[in-house]
Amino acid sequence: MVESLMHRNPLGRTAGRLAMVGASLALGVVLLCSPAVRAAETAAAGEAEHAVEWKSWKAGNSIADTASLQRGAANFTNYCLGCHSLKYLRYERLGKDLNISPELLRKNLMPAAAKPTDYILSSFPKADGEAWFGRSPPDLSLITRSKGTDYVYQFLKTFYVDDSRPTHSNNLALEGAAMPAVLSDLEGVKRAVFSSATGGEGKMLERFEQVAPGQLTAAQYDAFVRDTANFLQYVGEPTQVEREGLGIWVVLFLLVFTWFAWLLKREYWKDVH
Ligand code: HEC
């Protein structure tokens, strides 16, 4: 076997091998670029948002975008943690997955009394939630898995004024939502104009009318909500960040392995004919 290996024609084999390596590399590059392609596609989809079609709005987020996840974590701490917890995630894990140093984590994301090993719990007392809102703010660890990331995006973008409600606001995605429009400082206040034609599924939105401006432009607010929804998608399954990164290497390994297996097969079969 060793002898016969030495007597083979080296030139023809080298060309064949080079072709295989080239093909593996090309496929690897395509795979590595795919998150960027996806992000570009979704950004284009985001521009075409129309209020009437709010049910088909897509978050257009990317779990591979660590900067977006970091911004989302900050948004959550500043605007949601007052009421909602993430009871299956520890601060320590969050820092590790999102590349946030322990110092920054402590300074910007953790309450003063919290330890890195603590779960991300809200200090909001459950009983008060029922007394104030009629419903306790739910834990949001699994919200994107139960209702979807796009749903969270739609929910945060479809609050409108409704004086018949105790919170003076209502929501298209969750009719009669007990959650107040907590982001109205950023988004501004908007009124929903419903179409007089009765659709199959209750009220049909015709358009939104801006009643008061917010601190952010519409595009900035969309980005804020996208980052927040992206972060909540990460929280729903923290391993997906690592898994997506690992997938590429597994595929590359399989390609290289296939190449070796093929070489071995060729070696075994060469004397059979
Ligand atoms: C003042 C308290 C409060 C704050 C702050 C708050 N929420 Fe809520 N949230 C609630 C309450 C109460 C509910 C329950 C609503 C219901 O079931 O009617 C809720 C429900 C939700 C739901 C579930 C909706 C559903 O379909 O069941 C999501 C998602 C959500 N909140 C996201 C957020 C996000 C993201 C933030 C931060 C930007 C936030 N909330 C800030 C009180 C709050």
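## His84 and its surroundings

Leaving aside neighbours within four places in sequence, His84 is in contact with Ser122, Pro137, Asp139 and Leu140, where contact means that the C-beta atoms of two residues, placed from the backbone, lie within 7 Å. The structure is a predicted model, in which local features need pLDDT of at least 70, side-chain atom pairs count only at pLDDT 80 or more, and totals for chains, interfaces and linings use all residues. Residues are numbered from 1 along each chain as its sequence is written.

His84 sits in the loop between α3 and β1 (86–90); helices (H or I, at least four residues) and strands (E, at least two) are DSSP runs numbered from the N terminus. His84 counts as buried because 23 other C-beta atoms lie within 10 Å, the scale being buried at 20 or more such atoms, exposed at 12 or fewer and partly exposed in between, with C-beta atoms placed from the backbone. Although His84 and Ser122 are 38 residues apart along the chain, their C-alpha atoms are separated by 5.7 Å.

## The shell around the ligand

Of the 24 residues around the ligand, Cys80, Cys83, Pro137, Ala178 and Met179 come nearest, a residue being near if its C-beta atom, placed from the backbone, lies within 6 Å of the molecule. Both α6 (126–133) and α8 (149–157) supply at least two residues of this shell, and the largest share, three residues, comes from α8.

By class, the shell has 18 nonpolar, four polar and two charged residues; here Ala, Val, Leu, Ile, Met, Phe, Trp, Tyr, Cys and Pro count as nonpolar, Asp, Glu, Lys and Arg as charged, and the others, Gly among them, as polar.

## Packing of α3 on α10

Helix α3 (residues 66–79) and helix α10 (residues 218–236) pack at an angle of about 95°, with their axes 7 Å apart. The two helices are therefore roughly perpendicular, a label given to angles of 65 to 115 degrees. On the α3 side the contact includes Ser68, Leu69 and Arg71, and on the α10 side Phe224, Asp227 and Thr228 are among the residues involved. The residues of this contact divide into six nonpolar, five polar and two charged.

## The largest nonpolar core

Of the 31 residues in the largest nonpolar core, Ala73, Val152, Tyr153, Ala229, Phe231 and Leu232 touch the most other members; such a core is a set of buried Ala, Val, Leu, Ile, Met, Phe, Trp, Tyr and Cys residues joined through C-beta atoms within 7 Å. Two or more residues come from each of α3, α4 (91–97), α8, β3 (159–161) and α10, and α10 gives the most, with six.

Not counting residues up to four places away in sequence, Ala229 touches Ala59, Asn61, Thr149, Val152 and Tyr153.

Notes: Axes are lines fitted to C-alpha atoms, for helices over the stretch in contact, and angles run from 0 to 180 degrees between N-to-C directions. Angles under 35 degrees count as roughly parallel, over 145 as roughly antiparallel, 65 to 115 as roughly perpendicular and the rest as oblique.
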